[in-house]
Each structure stands twice: as structure tokens, then as C-alpha cells.
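Subject: A structure for you to explore

Hello,

Here is the structure I promised to pass on to you. Please open it next to this message, and then read on for what turned up in it.

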Amino acid sequence: MNKTFALIRGDGIGPEIVEQAKRCLDAVAERFGHEFLYVDVDMGGVAIDKYGEPLPETELNKCLSSDAVLLGAVGGKKWDDVAPDLRPEKGLLKLRKSLGTFANVRPTKIWRGLGHLSPIRRSSGVDFVIVRELTGGVYFGEHRTDKTAEGLVASDVMTYSEEEIRRIAIVAFETAAKRRKKVCSVDKSNVLDTSRLWRKVVHEVALDYPDIDLSDMLVDNCAMQIVKNPAQFDVIVTENMFGDILSDEAAQVSGSIGLIPSASNGAGVGLYEPIHGSAPDIAGRDVADPIGTILSAAMMLRDLDLNKEAACMEKAVETFLSEGYRTVDIATDSEDVVLGCSECGKTIARLILEEKI
Ligand code: NAD
């Protein structure tokens, strides 16, 4: 099969980790007889330096005409003082908007042998996904601050339409159908109208998925349950701001920010990226953990229906960790075999070629 991937290496550790994911994709192509083509796209600080803006149209168009986009990370101190509209993150927002990616999917898993890195004591069996609505809600409503006789008054409007809720609910049920068949819908329906509509629409969608077990949970309780008993969850679906907060909380459960991938999907081209930033403090030292990016590439393959290939990549990461290989962020034991970023990529690529699957 032929596929074209837009590669956004970005800033900081971005080029180092994307290179390792590419190495692993090449191993998948070799093993399964595919042809993967890569188109390099400049976005973020690197594009500001080259073109004076974080995502020029020519670069964006390369993404729009690819099968999927794999991103490292953007940003860094060097561009902190540029005009707000030219900041590296603006490139990312423009990309997400142009791709129409309304669903952000973030898995949280505690890998075998890494339970001791988790701050959660009851960490066994933790393997869940947060499906976050990404293009609606309070972040996209009207924001205003008015001068009144009583002083300044600020407001942020939270809006959701039935259609916006329906399409993200469908993503959640479809995700659960391929997993342990449980959806937990998180809202604040004891207070918010948007949440009451959310709950009504999610229950309507559930009628089309009779074999999926649906439960509702208030967001404050969910924040507590993720710490108390994260193994109870399979798929959590929630609106934009709740998802933003809960997914960062969930990220900590797995033990290292470097391990967690994400996918953002919409109607067309999907965007795949690790959840961390450009880590300028370790950039250029070949110590970054590329696993979050490699697992993002696996999610990319699965969304393109290359299921066996995705499973092979994930299995190779599992074998890598179970054989005691570590990057410095997850090395704690004197018996750990500590590898640099590029050796880590090379080893996982080798395991992809050798993995029994
Ligand atoms: P960060 O995620 O880059 O780093 C936080 C800490 O985690 C650092 O100590 C870093 O060394 C470590 N870390 C992150 N990724 C790692 C990896 N793969 N392996 C090992 N350690 C890793 O967050 P930050 O320091 O707050 O932000 C740095 C820059 O990244 C900022 O300019 C920020 O705006 C940007 N950022 C970009 C994205 C994105 O591109 N999607 C997301 C978040 C932050």
C-alpha cells in the first residue's frame, strides 16, 4: 500500500523524535511490503525563522494533501517574544482548524515494568482512552471583559450544538467498540445546560451501540476517580475544557510524559503527535524519549486501517520496555539498559522487523 505522510519535525527535540518514528515506519514498510513517502513540512519556530510566519499556506497545503500528519513539537524560548499572532503555537492552531480535527484521542496506559513510575498506587490494569471534543465549548465561545459601574466584568461563553456532541459521541462509541466496550460520558449536568444537552445526545447515540456499556459521571467525581481507581475506565468522552484538564491529569498516571501519544481526527486528514512539548532543556542531546511519537505513528497507521502494522509497532515498544531498555526519563534501576534517543529508535525498528505477530 502507498501512503504519504507529512512530517512536521518542528523545534527543540521535535526533529530527534520524529526521525525515530520515521525509522520505525520504514521498518513497518519493509516488513509489510508498503511504500511510505514522507513530505517534510516546516511549522513553528523553524518556519518563523525561514518564512516569517509559523505555518505558511504552502506548508499547510502539503499537510492537506497527505494521508496523515505526524508532528514532533513546536515552540521554544527563542520565539517567546514574537508578536502573539506569529507565535509557534499559532501554527498548530491553524493546522488543527484547517484539518477540522474535532476529536482528540489520548490513551493512558501503564506499561508492564513501569508501574513504579506511576504516582498511583493501584496502578495495575490501567489502560484507558480520553476522547476530548476539540473545536467547541468555552474555548471557542465569545470572550469579553467589560467595564461596569461595579468594576471589570469578564465572561466566556460555552456553547455546544447537538451535532457537535453527536459526532464526538460516535468517535467514543466506535473507539470503545474496538476496546473493552465501555464508555463513560463526563459532564457537569447538575449545573450546566450544555452538559444536560451533552448527556441527552450521548444517550441517543448509545441506542445505536447496544453492546457498549454507557455510564455518566460528573467531572469533579471523574477527576477524583482517575486518581482513586483509574483501571475502572475504558473510554472517557468529554467536552473540550473538561477533556483538557482530565487528559493532563491522566497523563501523569502513566509515569512519564514522554510515553504518551495522541491522535486528532476530523472528517479528513488526521494529526498525530506526542502530548509533550519541544523540551528545549534536553534538545540536541540525544536523550529525548521517542516512544510517545512512535506510538503516535502507530495510532496513525491504525486510523488508516493498517491494524496489523500498528499492533506490530506497539508490540515492539512493549518488548523494548520488557527487555529493560530505557531512555533516561524512565530509567530508575541499575539493571536498566539506558539508550539515547536514536539508539532507542533503532532498537524499536529492529524489534518491528523481528516481532512475532
Ligand atoms: P515540555 O513538554 O516540552 O517539557 C516538560 C518537561 O518534560 C521537560 O523537563 C522536558 O525535558 C520533559 N520532556 C518532555 N518531553 C520529553 C521526552 N520526549 N523525553 C524526555 N523528557 C521529556 O513542556 P514545556 O517545557 O512547558 O514547553 C516547552 C516548549 O514546548 C514551549 O515553547 C511550549 O510552548 C511548547 N509546547 C509545544 C507543544 C506542542 O507542540 N504540541 C505542547 C506543549 C508545549
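Predicted model: local features only at pLDDT ≥ 70, side-chain atom pairs only at ≥ 80, totals over all residues.

A polar contact is a pair of N or O atoms within 3.5 Å.

Let's begin with the ligand. Which atoms of S278 and of the ligand lie 3.0 Å apart? On the protein side there is a backbone N or O atom of S278, and on the ligand side an oxygen atom. With E273 the side chain takes part: one of its N or O atoms is 3.3 Å from a nitrogen atom of the ligand. On its own the ligand has 820 Å² of accessible area, and the protein covers 67% of that.

Now look at the wider surroundings. The ligand is surrounded by 20 residues, and V74, G277, A279, D281 and D289 are the closest. Sorted by class, this shell has 9 nonpolar, 6 polar and 5 charged residues.

Next come the aromatic rings. How many aromatic pairs does the structure hold? There are 6. One of them joins F5 and Y38, with ring centres 6.3 Å apart and an angle of 40 degrees between the planes, so the pair is tilted. F5 belongs to strand β1 (residues 2–10) and Y38 to strand β2 (residues 35–41), so this pair links parts of the chain that are 33 residues apart. F5 is buried, with a relative accessible area of 0%, whereas Y38 is partly exposed at 21%.

A second tilted pair is formed by F128 and F233, at 5.8 Å centre to centre and 55 degrees between the planes. These two are 105 residues apart: F128 is in strand β5 (residues 127–133), while F233 is in the loop between α7 (219–228) and β10 (235–238).

Finally, have a look at two charges over rings. The charged end of K109 sits over the ring of W111, 4.4 Å from the ring centre. R167 has its charged end over the ring of F102, at 4.1 Å from the centre.

Enjoy exploring!

Best wishes

Key:
Residues numbered from 1 in each chain as written. Heavy atoms only, no water. Near = heavy atom within 4 Å. Polar contact = N/O pair within 3.5 Å; in protein donor to acceptor, adjacent residues only side chain to side chain. Areas by Shrake-Rupley, 256 points an atom, 1.4 Å probe, with all protein chains shown as cover. Nonpolar A, V, L, I, M, F, W, Y, C, P; charged D, E, K, R; others polar. Phe/Tyr/Trp six-rings, centres within 6.5 Å; stacked < 30°, edge-to-face > 60°. Helix = DSSP H or I, 4+ residues; strand = E, 2+ residues; numbered from the N terminus. Buried < 20%, exposed > 50% of the residue type's maximum accessible area, 1.4 Å probe, protein only. Lys NZ or Arg CZ within 6 Å of the ring centre and 35° of its normal.
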